[in-house]
Amino acid sequence: MLTSIATVSLSGDLQEKLDAIAAAGFDGVEIFENDLLTFDGSPEDVGKTIRDLGLKLVTFQPFRDFEGMPEPQRSRAFDRAERKFDLMEELGTDLLMVCSNVSPHSLGGLDRAAKDLAELGDRAAKRGLRIAFEALSWGKHISDYRDSWEVVRRANHPNVGLVLDTFHIMARKVPLDAIASIPGDRIFLVQVADAPILEMDPLSWSRHFRCFPGQGDFPLDEFMRNLAVTGYDGPLSLEIFNDQFRSSSTKNVAKDGLRSLIYLGDGVDGIKVGAKAAALPPKAHARNVEFVEFAVEEENAEKLATLFAGLGFEKRGSHKSKAVTWWKQGDINLVINCDKDGFAHSYNIVHGPSVCAVGLKVDDAGAALRRAQSLLASSFTQPVGAGEIAMPAIRGVGGSLVYFLDDQSELARIWDVEFEPEATTGKPSAGASLKAVDHVSYSMQYEEMLTWLLYFTSIFDLGKMPTVDVPDPGGLVQSQVVQGNDGGVRLILNGSQSPHTQHSQFLNEFFGSGVQHIAFSSDDIFASVDYCRKNGVEVLPISENYYDDIDARFGLDPDLLDRLKAANILYDRDDDGEYYQVYTKTFANRFFFELVERRDYRGFGAANAPIRLASQTRMNRHSQTSK
Ligand SMILES: O=C(O)c1ccc(O)c(O)c1
Ligand SMILES: [Mg+2]
């Protein structure tokens with residue numbers, strides 16, 4: 001199937017849209033009439049531009065309010081169609097997409113609609129053109145693909161075929177199995193869109209909240225399996241009306257779109273998506289966060305090392321050729337990079353002290369890289385010094401890196417090979433009893449959330465959780481968790497539309513998106529906090545009112561309540577278990593750490609997030625007024 005996208009899905013003028021569509025690597029494009037009407041260039045020029053860009057003009061659309069009209073509207077509709085046929089000849093496309101009539105004047109009856117479409121088919125055939133008929137989910141008489149198919153079947157004209165648009169089908173929860181019995185050559189166009197499940201009328205839902213496949217909640221895999229049965233081999237075209245996409249980077253949204261189509265075709269037997277389609281390696285099994293790398297200047301490197309030591313990390317080694325140190329506790333590896341060369345340094349110049357990379361352990365790092373590249377991630381390489389191991393990497397949130405490691409290649413020995421071990425005092429320290437990276441939390445522009453959701457869920461075997469709104473004193477923050485089934489990797493994507501949230505301040509000060517906090521798991525949070533406090537780590541103070549409230553909500557043992565309060569530990573409980581969390585103060589105004597203890601608990605303490613945000617806001621204001 002050819003990959004295609006409707007121009008309505010992107011921001012910009014028609015030229016910008018077409019350039020971005022071609023640059024992303026699509027095979028074809030649907031011209032939305034409005035994009036042509038508002039463009040200052042002749043249809044011939046537009047057609048030539050499309051061909052010069054190597055794109056196929058898949059269809060011109062939409063042609064509205066056609067079938068089932070009484071006279072005189074009926075004759076006028078045919079005249080209108082002839083004018084659009086002229087335009088299509090100038091553009092150089094043979095397919096006109098007609099969507100079902102929404103006019104109050106339209107008359108019902110499948111035979112009446114079939115007769116009109118057959119006549120339009122005759123007129124189109126004379127000019128070598130074709131007609132594709134779509135059921136809008138808010139069509140006056142035809143709103144179900146089974147009816148539009150019946151109309152096309154009764155029109156019984158070789159130049160009249162069917163459009164399947166997944167939004168209209170799924171918005172009305174029409175069963176998908178009837179698709180499998182439509183002959184593939186009677187389907188002229190397939191439009192794919194996903195959407196979040198919302199309680200809303202289909203028209204508003206469709207015009208504002210569609211998104212790319214994989215970003216919403218629709219059962220698109222089931223649709224694709226039914227489509228595969230039909231033998232359809234025409235265009236698979238994204239038609240996405242989305243408010244954010246219309247105000248985002250044309251190029252990035254186009255690239256996300258193609259990624260979503262490649263991902264949609266992945267693993268559906270009998271379907272090949274894209275003219276140049278190749279089989280993808282399976283989803284990378286994200287086992288755990290193997291390391292987190294910090295890019296800092298020398299002065300902050302010392303401060304960060306002090307903080308790591310206070311958190312119970314042990315310095316394990318120094319890089320053989322670079323100003324890079326390795327810190328370890330439990331299964332957690334932290335890297336401080338203050339080398340004057342290389343990626344970390346450039347990242348530091350732009351963002352200041354920051355997390356510049358996260359290393360994920362997968363089953364097969366090479367295969368993970370190939371999958372990521374097939375899904376249009378940008379791979380990253382930098383010169384490999386003598387005695388170093390080349391670690392596959394791709395660009396991630398805010399231009400930071402995601403490295404791939406595995407146990408089956410020489411990457412398993414990276415610490416031993418690249419680092420000079422630190423002379424130890426002999427007795428291994430238990431540190432602060434921290435075990436592993438529990439989660440990594442990214443802050444990003446609100447408009448980017450769907451981009452990174454698709455990135456993580458298409459490349460890795462990570463699934464998404466429902467989004468939650470977290471109130472910050474300066475506005476709402478939307479929070480989306482992506483995580484693996486086994487809990488080895490949990491990532492949080494945060495975005496906010498308010499410019500006054502902590503989150504948005506982070507984006508301003510950080511000059512873009514990035515990691516804002518990292519949580520470490522502990523088996524004994526009280527011991528961990530005790531260790532940290534004795535070693536000079538300051539934790540975020542929590543208000544007395546909070547402890548009154550959790551006492552009222554959970555009826556806690558007075559001794560436990562006192563201990564929580566004394567240690568500034570936040571608490572949550574649900575049907576599964578209990579959660580304990582504590583935060584460090586923010587490092588260099590950029591990022592902070594969280595220590596958590598999970599007792600059969602799978603959430604992230606969403607109820608506590610506003611408490612944390614309010615406390616951080618207080619700390620911030622305090623540090624600003626005391627300057
Ligand atoms: O919102 C609309 O009007 C509209 C137009 C054309 C389509 O293909 C569609 O699915 C919706
Ligand atoms: Mg459509």
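What share of the contacts in the protein with a separation of 6 or more comes from residues 24 or more positions apart? The share is 76%, where a contact means two C-beta atoms, placed from the backbone, within 7 Å.

Before you click on anything, two housekeeping notes. This is a predicted model, in which local features need pLDDT of at least 70 and side-chain atom pairs count only at pLDDT 80 or more, while totals for chains, interfaces and linings use all residues. Residues are numbered from 1 along each chain as its sequence is written, and chains are lettered from A and ligands numbered from 1 in the order in which they are written.

**Stop 1: the whole thing.** Show the C-alpha trace, which spans about 90 × 60 × 45 Å along its principal axes. Switch to cartoon and you have 20 helices and 26 strands (DSSP runs numbered from the N terminus: H or I of at least four residues for helices, E of at least two for strands). The radius of gyration is 28 Å, close to the 25 Å of the globule rule for 627 residues, so the protein is as compact as a globular protein of that length. Both figures rest on a definition: the radius is taken over C-alpha atoms, and the rule is 2.2 Å times the number of residues to the power 0.38. Of the 627 residues, 47% count as buried (20 or more other C-beta atoms within 10 Å of their own; exposed is 12 or fewer, partly exposed in between).

**Stop 2: ligand 1.** Select Gln-61, Pro-62, Cys-99, Glu-134, Leu-136, Asp-165, Gln-191, Ser-206, Arg-207 and Glu-239, the residues around ligand 1 (C-beta atom within 6 Å of it). Two or more of these come from each of β3 (56-63) and α8.

**Stop 3: helix α8.** Stay with α8 and select 202-209, where Trp-205, Ser-206 and Phe-209 are buried. Their arc around the axis is only 115 degrees, which puts them on the same side of α8 (the arc is taken over directions from the helix axis to the C-beta atoms). Those buried residues pack against α7 (166-171).

**Stop 4: helix α13.** Now select 365-374 and pick out the buried Ala-365, Ala-368, Leu-369, Arg-371 and Ala-372. They fall within an arc of 165 degrees seen down the axis, so they line one face of α13. Finish just after α13 at Leu-376, with its positive phi of about 70 degrees.
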